[in-house]
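Please look at the structure first and then read on.

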Amino acid sequence: MNVKVLFIWVLLSGPAFAQGFAGLGTEASGFARPERGQVLSFPKDHGAHPDYRIEWWYLTANLKGEDGRDYGVQWTLFRSALAPDAGQGWAAPQIWMGHAGLTTPDRHFVAERLARGGVGQAGVTAAPFRAWVDDWQMAGATLDDLRLTANGTDFAYDLGLKADGPLVLQGDGGYSVKSASGQASFYYSQPFYTVDGVLDLPDGPVRVSGNAWLDREWSSQPLDETQRGWDWVSLHLEGGVRMMGFQLRQTDGGAYTSGTWIMPDGTAEPFGDGVLTMTPLKTAKVNGRDVPVQWRVELPGRGVDVTLGALNNAAWMDTLFPYWEGPVGISGSHTGHGYLEMTGYD
Amino acid sequence: MYRAALSALLSHWWRHPLQLGSLLLGLALATALWSGVQAINGQARQSYDQAARMLGQDRLEQLVPKDGQRFSQDVYIALRQAGWLVSPVIEGAWQQGDVRVRLIGIDPVTAPSDVAPDGVTGAGDLRPFITPPGQGFAAPDTISMLRGVTGLPPLSPSEGLAPGVVLMDIGIAQTLLGVPGEISRLVVVPEQPFRQAPLESVAPLLTKSAPGGQADIARLTDSFHLNLTAFGFLSFAVGLFIVHSAIGLAFEQRRPMLRTLRAVGVPLNVLTVLLAGEVVLFALVAGLVGMGLGYLIAATLLPDVAATLSGLYGADVPGSLSLRPSWWIGGMAIAVLGAAVAAGQSLWRLRRLPLLAPAQPRAWARASARGLRRQVFLAAALAVLALAVAIWGRGLVAGFVLLGAMLMAAALALPAILALLLGGAERVSKGALALWFWADTRQQLPGLSLALMALMLALAANVGVGTMVASFRLTFTGWLDQRLASELYVNAQDEAEAARLRSFLEPRADAVLPIWSVSAPVQGAPGTIYGIADHATYRENWPLLSHAPGVWDAVAAGQAALVNEQLSRRAGLSNGDMLRLPDGTEMTIAGVYSDYGNPQGQVIIAVDELTAMFPDVPRLRHAVRIAPEKAPDLTRALIEEFGLSPDNVRDQAAIKSFSLGVFEQTFTVTAALNVLTMGVAGFAMLTSLLTLSTMRLPQLAPVWALGLTRARLARLELFRALMLAGLTMCAALPVGLLLAWALLSVVNVAAFGWQLPMHTFPADWLRLGLLALLAGGLAALWPAVRLARTSPTDLLKVFAHER
């Protein structure tokens, strides 16, 4: 899925981790709730939905340099509404957070930006599409043709993205269920980007190309109170098939799983709870925590039984709400590359 | 052995409780004044540091507008989008009735994480902070000051905030200050990203300001604190005179006992250690008492100090005291150190006491002739130093060195001068009694000299400071008359009201003069630029210290500027020099005017020039010229017909009395310290006379035996004290006037940037002289009464006792 981080401010609800990762499991009174059957409309829904509590524009890219090395890039813009009412200017209760990650086989760069809504420091417009925080942006005439930039203390990147496939609605026409008790979000993806651009690294610029995957999701209470974190993958398999899968780990040791099989032409075939199995094979000490960096992922109905291995075990996003996010290589029944995100490993 | 020796040594104090009392009290007073002043200074400095530390100003670079004005937050957004990690701050004064606070608005989301004071972020909730009505944070003192004030968001206490400051979200603060979309400056986050557009291309009107650049208050108030420190030190020195004389006396009186102890086998080292231990013990006891007194002094004076600092420098210091461990340690250390200095000479003599030499009471007095010569030599050296500093010295520290050297030289020279005078009197007097009186007085001089020196210091300080304050007051009052020439001063709430106000006043008043100003950096330091209309009010009244011909025409034509004395001195600018204004234009300086009570540089230009340079200058304040007898009617009309709030119209007299109030406040502390120093000096005199009187029986008994009655002897004693006090006053007067000159022409210029003409006030001297006589008389009264009541048997015993 992409119940990505959030952040709801340390300040939002006292002890932020008391209920689910980053307060995502807390009550959502006054905010709009996703309803099954609501038809998403584009380009309008590329823009922000301030009446929902949280929302993100989440791009991950698996890249290869002219030097033959593998790289991973993450660019995320989160929006969090502190209140459902819409104030103007500084009084707007919207907080924006940008995360940028750049992973090489031996380094992992992280940058974070925070911004208030309402004064123009960050925001998203649907058409022409522009998502920005400070000098970082993901912008273009349409969502199919984007320029992506980010800038940290020791790295920067500037990538061009072109989509050669349609948008993919996750779950039931974009209504993605996140727990047995019915928590859900609106969720769609653009998994068909080809990428071309430059990474600015301390050793100098590197020209890169590869694939990217954009996830869009918004909701007001996407996590069940018993869910402590999640493991999420987006995979580019050989032959042009894409697969998205996640498991939400419960406090009782069980998990709620879900995902989508995406054909090369964009046809999406979602699968429900219990179809996908994700098993950690190996953990590594990352920032003082034991984090699984090798996974066995099985989707028996599709003949998938693969091992995912991290390009760099240390892909830790040491941000306000820390998590692991990095590129993985795929071996086993299928080959390819993808991105892995893991939260709630404290 | 130790115990026996110790109890023998201590027994002296049981037999002389008064001596013990004066020793402890002297030390306690010295410590009290010193530590009280330290506590005040410490508290104030803590506030400045707090203000400077606030929002990381002491560590973080800032981007500030070159012209010192607020700027649009669009610049902030543009900088963020050019890769600059900066966080906006809005600052401004907010007033309701008489309550005035400084609002600081921050953006908690982009502010560096450790910038906000304790309790401001943390466990709080962001939403109530950033959405109306918002949340304010302030020091507990500020919150109590704001009790009952409406219009501010709900307040929570935060210890880390400077007094008089209310911290809140930037959006809330912009609304309260009435400046939506504007910011004052930007804090630069320490870690900046890889790629960044150059500042000049994104925000050409901003400039980088180094960390700590805002600590102007600390620099400005340095002089004030140095002043207090000097006073504290003076009192400390005076207190030490008491201690020194008490310890010296005790040593002299215990000389036979020390000899006996040595003779029965107590080693010299043991004796030294015991005596040193005794001194340390006294120092600790007196130190503790002194610290308590010091706390009381500081707590009593602090509200006045706070008022002074805020009136004179706009520096906010809380009116209540919080003490730090360093203060306690420092205070005790100074008590012990002071006692050690005072006791050093006695301990040194003990080391050199010949074991078998006969005990010689008053040997201390006999050695005085040599001591006197040494003292005179030292005084001469100090006087030369003072002269050198007066000629070549520059700056505030030099000013205080001059003061210190001058005072010490005068004090040290005093005994010699008195001895000379007394010797002269002896030579010209006739008759046995008169000859005996002068000789006896001269003989007593060494024992009294320390107390007289203390009295002289106190008197000279009184004359000096008194002359300075009175001269200042006279100049200031005259200056206020010139400067506040208009009959009414009116203030509008906003531009719309101001415009209505101008048209309302136009037909009713003789003239409506704009008082429009902007705060802007002038010659690299914070300053103010005023725009004035061309009007007789200025031509006839403005207090110009110097000016070029046709000054007002040149200013009115927009060709010239006036600068205040502070700016002229600080920047070394005088008539004819070019002054660079914030927008880059240059103007000739055509005049320098006096501007007392203002620590900052100030410039006056034609009002049209000002509005051209700063189109957004608030056009709210105006001076109104009208026949004085019509002023009350116009005031009434302004309030009743126009609807101006009574707070916003002030007549000349009200502003004058307010200014004088601030002025008087400024010297309250000085006056209080002056009185305390006088008290200490009087006490020094009393203890010296008391201790001397117990030792003088052997000298008085023969005179009594020759037929002088006890009552007459007592009257002579009293007269002697009065005469010495009078002579000391006479010696103190020129020293005090020199001191006043140094304060007015050296210290004031260095500290505040203005020089004041010196005026003399003989009536004050007379009063002070009477006070000195009163102090001397009171101090001598008790010993004299005791002498008058001494029983004849005690006097007879003098002849029977073997000495």
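Q: Why is B:Thr790 called buried?
A: Buried means under 20% relative accessible area, exposed means over 50%, and partly exposed lies in between, with a 1.4 Å probe and protein chains only. B:Thr790 has 12% relative accessibility, so this residue counts as buried.

Q: What kind of model is this, and how are its parts named?
A: This is a predicted model, in which local features need pLDDT of at least 70 and side-chain atom pairs count only at pLDDT 80 or more, while totals for chains, interfaces and linings use all residues. Residues are numbered from 1 along each chain as its sequence is written, chains are lettered from A and ligands numbered from 1 in the order in which they are written, and side-chain values use heavy atoms, with hydrogens and water left out.

Q: Where is B:Thr790 placed, and which residues does B:Thr790 touch?
A: B:Thr790 sits in the loop between helix H24 (762-788) and helix H25 (792-800) of chain B, where helices (H or I, at least four residues) and strands (E, at least two) are DSSP runs numbered from the N terminus. Leaving aside residues up to four places away in sequence, B:Thr790 touches B:Leu697, B:Arg710 and B:Leu795, contact being heavy atoms within 4.5 Å.

Q: What makes the pairing of B:Thr790 with the backbone oxygen of B:Arg786 a polar contact?
A: A polar contact is a pair of N or O atoms within 3.5 Å; within protein, one must be able to donate a hydrogen and the other to accept it, and residues adjacent in sequence count only if both atoms are side-chain atoms. A polar atom of the B:Thr790 side chain lies 2.9 Å from the backbone oxygen of B:Arg786, and the backbone oxygen of B:Leu787 likewise lies 2.9 Å from a polar atom of that side chain.

Q: Which residues of helix H22 of chain B are buried, and what do they pack against?
A: In H22 (residues 697-705), the buried residues are B:Leu700, B:Ala701, B:Val703 and B:Trp704. They pack against helix H14 (432-483), helix H23 (710-752), H24 and H25 of chain B.

Q: Why is strand S15 of chain A described as largely enclosed?
A: Eight of the nine residues of S15 (residues 242-250) are buried, and the strand is therefore largely enclosed by the rest of the structure.

Q: How do you know that S15(A) pairs with strand S14 of chain A and with strand S16 of chain A?
A: Two strands pair if DSSP finds at least two bridges between them. Nine bridges join S14 (residues 227-237) to S15(A), running antiparallel, and eight join S15(A) to S16 (residues 255-262), again antiparallel. In the former pair A:Val233 stands opposite A:Gly245, and in the latter A:Arg242 stands opposite A:Ile262.

Q: Why do the side chains of A:Arg116 and B:Asp107 count as a salt bridge?
A: A salt bridge needs a side-chain nitrogen of Lys or Arg within 4 Å of a carboxyl oxygen of Asp or Glu. Here the distance is 2.8 Å, N to O, and the rule finds four salt bridges across the interface of chain A and chain B.

Q: How many residues of chain A are in contact with chain B?
A: 30 residues of chain A are in contact with 31 residues of chain B.
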